[in-house]
Amino acid sequence: MKKKLSTRNRILINVAVVLAVVVAVAIVVFATRTPSNPAASGDSPQTVRENSHRLSTAEDGKVTLVEFLDFECEACGAAYPAIEQLREEYAGRVTFVARYFPIPSHTNAQNSALAAEAAARQGKFEEMYSKLFETQSVWGEQPDSRAADFRVIAQEIGLDLEQYDADIVDPAVLERITADQEEGAALGVQGTPTFFLNGEKLEISTLEDLRGAIDKAVQE
């Protein structure tokens, strides 16, 4: 005579079956999913790409400095005047590139990056880039969204606001930012600002360290 299963045992068996199905589905999804970063897809990560935002371009293309940045990062804000100084000093000799790496713990890191990319779509990335850093002390480190502040900046730098509003919510704009962030992670970026000089990650602590590295590259 077969022993009748208790209600508890039937529940446990049902749970086990459901878990087995979930695990099986997860394995299939993981095995067939499309890799999200360039390195995983077979395309090795690059410090600079054709669509990367160039603040300055060297005539000979010999030296390129790339900064992975977060517009809300205080260290990036502190570095901004130094980068502007170096851009002036090495005008025509060094290409300066800015790439997105918004830090998740910064409430407006992504919002500010969206504003910058929306501005880029209207050919005014550099203007937004500069304004975001120049006003960082006003909107940075705030617990609430400051998207309205960025829209005011968009108006100040002469953007078409109707187009700006549409671009801010365009999934392709966020994807563009995420692509930079994922590629930065694949390159070993863990915080901001992180600099790469001619493809090599720099370990620096002062402006003079950065200037020295650039000088060496320019003279080689």
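The protein chain holds 9 helices and 5 strands (DSSP runs numbered from the N terminus, with helices being H or I of at least four residues and strands E of at least two). This is a predicted model, with local features needing pLDDT of at least 70 and side-chain atom pairs counted only at pLDDT 80 or more, while totals for chains, interfaces and linings use all residues. Residues are numbered from 1 along each chain as its sequence is written, and side-chain values use heavy atoms, with hydrogens and water left out.

Along the sequence, the elements come in the order α-β-β-α-β-α-α-α-α-α-α-β-β-α. Of the 220 residues in the protein chain, 38% are buried (under 20% relative accessible area, with exposed meaning over 50% and partly exposed lying in between, for a 1.4 Å probe and protein chains only). As for contacts (heavy atoms within 4.5 Å), 79% of those between residues at least 6 apart in sequence join residues at least 24 apart.

Now to β3. With 6 of its 6 residues buried, β3 is largely enclosed by the rest of the structure. Thr95, Val97 and Arg99 point one way from the strand, Phe96, Ala98 and Tyr100 point the other way, and all are buried. Two strands pair with β3 (pairing takes at least two DSSP bridges between strands). Strand β1 (residues 53-56) runs antiparallel to β3 and is joined to it by 3 bridges, with histidine 53 opposite alanine 98. Strand β2 (residues 64-69) runs parallel to β3, with 6 bridges between them, and here phenylalanine 68 sits opposite arginine 99.

The loop between β3 (95-100) and α3 (109-120) carries histidine 106. This histidine 106 is buried, at a relative accessible area of 19%. Setting aside neighbours within four places in sequence, histidine 106 touches Asp70, Glu72, Cys73 and Glu141.

Elsewhere, helix α2 (residues 74-89) and helix α9 (residues 207-219) have axes that come within 11 Å and cross at roughly 30° (axes are lines fitted to C-alpha atoms, for helices over the stretch in contact, and angles run from 0 to 180 degrees between N-to-C directions). The two helices are therefore roughly parallel to each other (angles under 35 degrees; over 145 is roughly antiparallel, 65 to 115 roughly perpendicular and the rest oblique). From α2, Ala82, Ile83, Gln85, Leu86 and Glu89 meet Leu207, Leu210, Arg211 and Ile214 of α9.
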